[in-house]
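Subject: Handing over the structure, with notes

Dear colleague,

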Amino acid sequence: MNNEITFFKFQRKFSTELRCLKYLFKQRWPNGFICPKCQHNRYSFHTSRKLFQCKNCEYQASITAGTIFHKTRTPLKKWFWMIFFISKNKTGYSILYLQNLLEIPCYKTAWVMVQKIREAMQSREVLYKLNGEIELDDAYFGPRNVSGKRGRGADKKTPAFIAVGLREVKKKEQSKSEIRPGFLKIKTAQNVQQETAKNFVLQNIEPKSLLKTDGYKSYKFTTNFDYNHQAIRIGNPKETLKYLPWVHIVIGNAKGLIKGVHHGVSAKYLDRFFIEFCYKFNRRFIEKRIFNNLINACCSTKTVTLAELRS
Ligand SMILES: [Zn+2]
């Protein structure tokens with residue numbers, strides 16, 4: 001079944017605030033209202049406060065409780081449009097662009113909305129780990145520093161670990177197969193020392209996986225853990241594309257987006273950028289379903305406060 005939400009389908013389905021509320025209602029009570037306190041099924045609705053009041057015990061149930069929209073002062077329509085735009089664009093939008101497009105009065109509000117949507121993405125991303133054959137490397141993100149020093153040890157840049165799962169794709173015509181990227185994980189780190197490399201791997205990669213690296217000393221921890229390690233000695237840096245192609249293509253793409261679309265992302269919020277980047281990359285084969293997946297995630301992820309987002 002093709003349940004892709006196209007522009008016009010979306011426009012019809014979520015044309016008014018009430019329709020957005022109805023959608024939330026169906027997510028929360030698929031079989032009709034049930035009072036969380038006394039299980040009664042008759043209610044009255046308070047439009048302005050988005051509350052459903054039980055006609056039996058007068059308990060007031062908030063329709064947005066348990067969603068990222070909880071206590072928002074922004075119309076749900078704008079939220080839904082933002083989720084729609086974010087889900088439909090592979091490269092993402094800058095927050096300023098979304099703010100202007102959706103006529104959101106202040107930048108901070110738009111910023112918080114985007115971060116909350118990313119929080120919902122993260123709630124899905126943490127559900128799985130990579131396994132099998134994996135290209136693993138580290139890279140530095142941030143503005144080019146004065147000394148022009150690049151690579152490991154470049155100061156003022158933020159290090160991050162990148163792991164790309166590999167999958168074998170059989171070609172139909174010939175009996176050949178080729179290696180293509182599967183799932184992706186990226187996370188910033190304090191440094192690229194052995195301890196941080198180990199933490200990244202343990203958190204994001206299943207044991208018994210085969211880690212392909214450039215043999216950097218930080219990856220030697222694998223001998224004490226249940227991972228297989230293939231250290232590829234790369235003499236000439238230009239050859240990395242030959243031996244670890246996908247991890248470097250991903251790093252290049254992420255850097256391109258940070259510079260081109262977002263005009264730079266500060267070190268503090270780099271991980272939030274990576275969440276959206278990985279979420280979309282990992283769903284590139286089910287692009288048509290991203291909106292539905294994402295709005296479901298938003299409806300089942302508890303909201304976070306501004307203070308939590310800034311920490
Ligand atoms: Zn009740």
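Below are my notes on what was found, beginning with the overall picture and moving on to individual sites.

Please keep in mind throughout that this is a predicted model. The protein has 311 residues, of which 45% count as buried, and its secondary structure comes to 11 helices and 8 strands. Taken along the principal axes, the C-alpha atoms fill a box of roughly 75 × 50 × 40 Å.

The zinc site

The zinc ion has as its protein donors the SG atoms of Cys-35, Cys-38, Cys-54 and Cys-57, which lie 2.3 to 2.4 Å from the metal. Along the sequence these donor residues follow the spacing C-x2-C-x15-C-x2-C. The arrangement is tetrahedral because the 4 donor atoms subtend angles of 102 to 113° around the zinc ion, and these fall inside the 85 to 135 degrees that the term requires of four donors. Cys-54 counts as buried, at 2% relative accessibility, while Cys-38, at 29%, counts as partly exposed.

Strand β2 also holds Gln-53, which is buried with a relative accessible area of 15%. Gln-53 and Tyr-43 are separated by 10 residues in sequence, and their C-alpha atoms are 5.3 Å apart in space.

Salt bridges

Side chains of opposite charge can pair when their charged atoms come close. A search of the whole structure finds 10 salt bridges, and I describe some of them here.

One of these joins the side chains of Glu-125 and Arg-283, with an N to O distance of 2.8 Å. This pair links distant parts of the chain, for Glu-125 is in helix α5 (residues 107–125) and Arg-283 is in the loop between α9 (270–281) and α10 (290–299), 158 residues apart. Are the two partners buried or exposed? Glu-125 is buried, with a relative accessible area of 4%, and Arg-283 is buried as well, with a relative accessible area of 10%; both values count as buried because they are under the 20% limit.

Lys-198 and Glu-195 form another salt bridge, in which the closest N and O atoms are 3.3 Å apart. Both residues lie in helix α6 (residues 194–204), where they are 3 residues apart, about one turn of the helix. Lys-198 counts as buried at 18% relative accessibility, whereas Glu-195 is partly exposed, with a relative accessible area of 49%.

A further salt bridge brings together the side chains of Lys-208 and Asp-226, at 2.6 Å from N to O. Lys-208 lies in the loop between α6 and β7 (210–213) and Asp-226 in the loop between β7 and β8 (228–231), so the pair ties together parts that are 18 residues apart in sequence. Lys-208 is exposed, with a relative accessible area of 59%, and Asp-226 is partly exposed, with a relative accessible area of 41%.

Helix packing

Two packed helices are described by the angle between their axes and the distance between the axes. In this model α5 and α9 pack at an angle of about 55°, and their axes are 9 Å apart. That angle makes α5 oblique to α9, and α5 passes α9 in a left-handed crossing.

Backbone points to look at

Most residues other than glycine have a negative phi. Which residues are listed here with a positive phi although they are not glycines? Glu-103 has a positive phi of about 50°, and Lys-208, described above for its salt bridge with Asp-226, has a positive phi of about 75°. Glu-103 is in the loop between α4 (95–101) and α5, where it counts as exposed at 63% relative accessibility. Lys-208 is likewise found in a loop, the one between α6 and β7, and it is exposed, with a relative accessible area of 59%.

Note on methods: Residues are numbered from 1 along each chain as its sequence is written. This is a predicted model: local features need pLDDT of at least 70, side-chain atom pairs count only at pLDDT 80 or more; totals for chains, interfaces and linings use all residues. Side-chain values use heavy atoms; hydrogens and water are left out. A salt bridge is a side-chain nitrogen of Lys or Arg within 4 Å of a carboxyl oxygen of Asp or Glu. Helices (H or I, at least four residues) and strands (E, at least two) are DSSP runs, numbered from the N terminus. Buried means under 20% relative accessible area, exposed over 50%, partly exposed in between (1.4 Å probe, protein chains only). Donors are N, O and S atoms within 2.8 Å of the metal (3.2 Å for Na, K and Ca); water is not among the atoms, so sites may look incomplete. Four donors count as tetrahedral if all angles lie between 85 and 135 degrees; four count as square planar and six as octahedral if opposite donors are over 155 degrees apart and all others between 65 and 115; anything else is irregular. Axes are lines fitted to C-alpha atoms, for helices over the stretch in contact, and angles run from 0 to 180 degrees between N-to-C directions. Angles under 35 degrees count as roughly parallel, over 145 as roughly antiparallel, 65 to 115 as roughly perpendicular and the rest as oblique. A crossing is left-handed if the near helix is turned anticlockwise from the far one by less than a right angle, and right-handed if clockwise.
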